[in-house]
Amino acid sequence: MPTPSLAALPIRRLTLRDLTACADLSEDRGWQREEHKWGFLLTAGKGYGIDDPDGGLVAACVVTEYGSWERSDLGAIGMVLVAERHARRGVGRRLMQRVVAAMGTTPLTLHATPYGRPLYEELGFKATGRAEMLQGHFVPGSPEHGVATRAATAEDLPSILRLDEEVFGVDRTPLITRLPAFADQLRVAEDGGRIIGYTAAWPNMDTHVVGPLIARDTETAKALITSLAAHTDRPLRTDIDVRHEELLAWAKARGLASVAFNAVMTYGITDLPGDWTRRFAPLTVAAG
């Protein structure tokens, strides 16, 4: 039987059964395998992929939807990958077109690498911001005065969810409630018994990724990062909104080096909802 053309290969929904194939695809493109993150995204979001008749996946991506049970208010697209042997043949464009069509009128967002940005612009996405990826071993400095932090408890979850929706701008309950199982650390900052920020550190290969990072102000964000670093020997990695210049400078002074920049892009909206002044870093760039 002749091998079907790429354009004839069907796009299907991915499940956790496709975890190894997704990790293989990451490795094929020179990324780390990231099984832990893939498992989280395939559970919390919707995966889309194209099977390769010779085995594995031709391409894959994940969409994480936020909002009420009745309708989605925002969709985050991530992990858009095409196998090297099928690159530059229109597969990524076809997959993205299907995802955008499937989301209908739901506004979309994604973090674009310089390599992927031209495709997304061609599809109608607009750059509305930028994030800087930092990574390194955190070097403690003088204590961040006046901000109390502690490990989160189950009783904190309702307050975390309220704060997250207020700052992020849409309800992320299905995602945030998975954090205690997904992350190695979940910590909160308090003022007078009220939660004013929270963050998590989740394992990704040999690093701990800091995200989400939501805080009342920069000093609170610093205290939360410091508290995470005190409880891990791994390098930290995070993606900070470049508008938070003070936090970026502080993190670099504490040993985290700049790795890359990604464009924050939107489709169907001119800017992301919520309060960017308190939204310092995403849970992961793949899910916003």
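Which charged end sits over the ring of Tyr 66? The legends below get to that residue in the last view. A quick note first: this is a predicted model, in which local features need pLDDT of at least 70, side-chain atom pairs count only at pLDDT 80 or more, and totals for chains, interfaces and linings use all residues. Residues are numbered from 1 along each chain as its sequence is written, and side-chain values use heavy atoms, with hydrogens and water left out.

**View A. Helix α2 is mostly covered.** Helix α2 spans residues 35-44, and seven of its ten residues are buried (under 20% relative accessible area; exposed is over 50% and partly exposed in between, with a 1.4 Å probe and protein chains only). Among them are Trp 38, Phe 40 and Leu 41. Helices (H or I, at least four residues) and strands (E, at least two) are DSSP runs, numbered from the N terminus.

**View B. Phe 40, Phe 182 and Trp 202 form one aromatic cluster.** A search of the whole structure finds six aromatic pairs. Rings of Phe, Tyr and Trp (its six-membered ring) pair if their centres lie within 6.5 Å; planes under 30 degrees apart count as stacked, over 60 as edge-to-face and the rest as tilted. Phe 40 and Phe 182 are stacked, at 4.0 Å centre to centre with 25° between the planes. Since Phe 40 lies in helix α2 and Phe 182 in helix α7 (residues 179-182), this pair ties together parts that are 142 residues apart in sequence. The rings of Phe 182 and Trp 202 have centres 5.0 Å apart and planes at 35°, so that pair is tilted. Trp 202 lies in strand β9 (residues 194-204) and is buried, with a relative accessible area of 0%.

View C. Most residues other than glycine have a negative phi, and most peptide bonds are trans.

**View D. A cis peptide bond joins Gly 211 and Pro 212.** Omega is about 0° here, and Pro 212 is found in strand β10 (residues 207-215).

**View E. Arg 172 places its charged end over the ring of Tyr 66.** The distance to the ring centre is 5.9 Å. A charge sits over a ring if NZ of Lys or CZ of Arg is within 6 Å of the ring centre and within 35 degrees of the ring normal. Arg 13 likewise lies over the face of Tyr 48, at 6.0 Å from the ring centre.
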